[in-house]
Amino acid sequence: MRISLFITCYNDTLFPETGQSVVRLLERLGHEIDFPLEQTCCGQMHFNTGYQAEAMPLMRRFVETFANAEVICIPSSSCVAMVRDNYPRMAASSGDSGLMKAVDDLLPRVYELSELLVNKLGLEDVGAYYPHRVTYHASCHSLRSLHLGDLPLRLLRKVRAIDLAELKDIDQCCGFGGTFAVKNSDVSAAMLTDKLRCVENTRAEVCTAVDNSCLMHILGGLHRERAGVRTVHLAEILASTEEDGVS
Amino acid sequence: MSVRVGDAADAPSFQRAALPLLDDAQLRSNVRHATNVITLKRAGVVNEQHDWQQLRSAASAIKAHTLRYLDHYLLQFEAACTAAGGHVHWAADADEANRIIVGLIKGMGGTEVIKVKTMTSDEIGLNKALEAKGIEPHETDLADMIIQLGHDKPSHIVVPALHKNRQQVREIFMRAMGLKDLGDNPEDLTNAARQYLREKFLKVKIGVSGANFLIAETGGVCVVESEGNGRMCLTLPDALITVAGIEKVIPTFRDLEVFLQLLPRSATGERMNPYNSLWTGVHAGEGPQQFHIVLLDNGRTRILADQEARQTLHCIRCGACLNACPVYRQTGGHAYGSIYAGPIGAILTPQLFDMEHSQSLPYASSLCGACFEVCPVKINIPEVLVHLRGRVVREQQSAVNLESMSMRVLSRIFSNRRSFEAAQRLGQFAQWPFVSDGWIRHLPGTLGNWTAARDLRPLPRQTFRNWWRERESRKQ
């Protein structure tokens, strides 16, 4: 299958290793990856902060860039939620019937990474090997917008040599919330403290999730505390194999 | 028309109000404990209800339908209530409602009233208006009484004194009731409250109540509560004055079937409220012989006119969104500067009331969606929050501010591949003054809010797209 990758602006800029892992994983599974260089940002930050007019050209750009894609993979549940939940409303508010139709055509082809693997490709065991103690943080958008349920955990349970530790209060927000972490940084920090306590209590060495935005926040707190816990996107765990060695 | 929501006009921004609360270890422990207990109880009784999602959909549909034909159902309610011997008054705003209520009480020669929990009366600042005219209000709902006696403010829609624990309640009672000693067992506290309140119930001849539901078909009013103090207020006085927002109306008696399953489970984690009071007008020789109801707009029709935000009026004041909200669970209700706290307050207060601090409320959320998930009438609170953020941004458009300038510049940058890639390169260089030992620990300006509590990994030297380009060029 030819899979077009929307890497997201912050993965592109801040977490290139996540994108590299998605490419490695999907190619290992026998798929062809396409990365349209014209892509930039889905517009989520603008839209959610109240700059809906400024998000509009970014949506148009996304829709044009991926108009002919067979399948679009996005390794970020909050960006998938932006596309799925908000693009139809934005298109409707524009009154542009062509845009509405283009968005309608696009949505069934958009998959978050674990949706693509489990729901579209019918896989749980992707042949990964990861000899570490890992805890999984369920991001808010993955739970309550995409309703991923246990899809990421089903993938993780099939990883060889992994030692999975259950995270208490898994449905609680880590306090990131985009610009919330800056606008209400004190409340956000209090929420983060609760999350860090749960992560540290698992005695895991790695905290994973399907969103690097939450992980950037959690890692920011873990590193400030010198907790000695890393954060790693799900794609990187699934891309690891025994041949790579213990990374 | 002047819309007022309690004392919200003087409230500081959410960010500022939250600071002292975050430092109040006792308050945070109380709020954490109470929200945990209610959340667990709620989950238990919701999970046993197999048609919960269908009930939510039904409630949402009934509310949407009623709001669509609100004029019709309000007039139907007025006619039915009047026919049953009640008097219906219409109030466009808080001042008019207070004028009507004060006038009614003065007309009856009253100098005191007993009140059963009515948020709407808090919304219009009724107690202040009564006191200004020499009328003494006595709150009889246990939690409201604690707030009144402690000269405090409510911090929760259903459990207004949730931020206080037993020991604190004991101290408030001892001071206000002039008691020499009092235990802090629930029984001791309840006994003290009972003795204090019984005297009021038997003496005061005018009651003031709120309403959970107004039934258009019958002209009936429904109040649900847990203590029975409400039942006393609703049945013992000679006259009863109810104040209710116009969105409280539902079409038929039958519709209660849906709401009386959803409300107690969502609010207190009970299958049914211990006291469900329903009355229609007046009945000779039984209960209050005079019944007045004040139907309040106070900004509600303005919310109704906003297609995207009108779902706010579905709210049945269960408080489930407060208990589920990770922001509320950290700060409690006082940070919201309004009697309507938590996620519902963050969307309701700014719509009822234009003021400086209300601009901060739509941002008092990480948009985690826990509120929407538990809402029994399916208000998509995150969607309304984002809609209201858009309104804040539009209202501030003329002001020169760093955020709006950055957002507009970023939108331009993201609209073009070349400028996006140039910005990536610029970021890689510009960050170096702030990087030490491979990490960013201090950032200037607003971004310093991030580094106040969190480190930041610097941008790596190679973006994903450049890695991809390199790989593609190697293939050729």
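Helix α2 of chain A (residues 16-28) has 13 residues and should span 18 Å at 1.5 Å a residue; its end C-alpha atoms are 18 Å apart, which agrees. The expected span is 1.5 Å times one less than the number of residues. Helices here are DSSP runs (H or I, at least four residues), numbered from the N terminus. The model is predicted: local features need pLDDT of at least 70, side-chain atom pairs count only at pLDDT 80 or more, and totals for chains, interfaces and linings use all residues. Residues are numbered from 1 along each chain as its sequence is written, while chains are lettered from A and ligands numbered from 1 in the order in which they are written.

Several residues of α2(A) are buried, including A:Pro16, A:Gly19, A:Val22 and A:Leu26. Buried denotes 20 or more other C-beta atoms within 10 Å of the residue's own, exposed 12 or fewer, and partly exposed in between, with C-beta atoms placed from the backbone. Just after α2(A), A:Gly30 takes a positive phi of about 95 degrees.

In chain B, helix α4 (residues 70-83) contains B:Gln76. B:Gln76 is partly exposed, because 18 other C-beta atoms lie within 10 Å. B:Gln76 and B:Leu130 are 54 residues apart in sequence; their C-alpha atoms are 30 Å apart in space.

Chains A and B meet through 51 residues of chain A and 49 of chain B. Contact requires C-beta atoms, placed from the backbone, within 7 Å. On the chain B side, α18(B) gives the largest share, five residues.

Definitions and conventions: Helices (H or I, at least four residues) and strands (E, at least two) are DSSP runs, numbered from the N terminus. Two residues are in contact if their C-beta atoms, placed from the backbone, lie within 7 Å.
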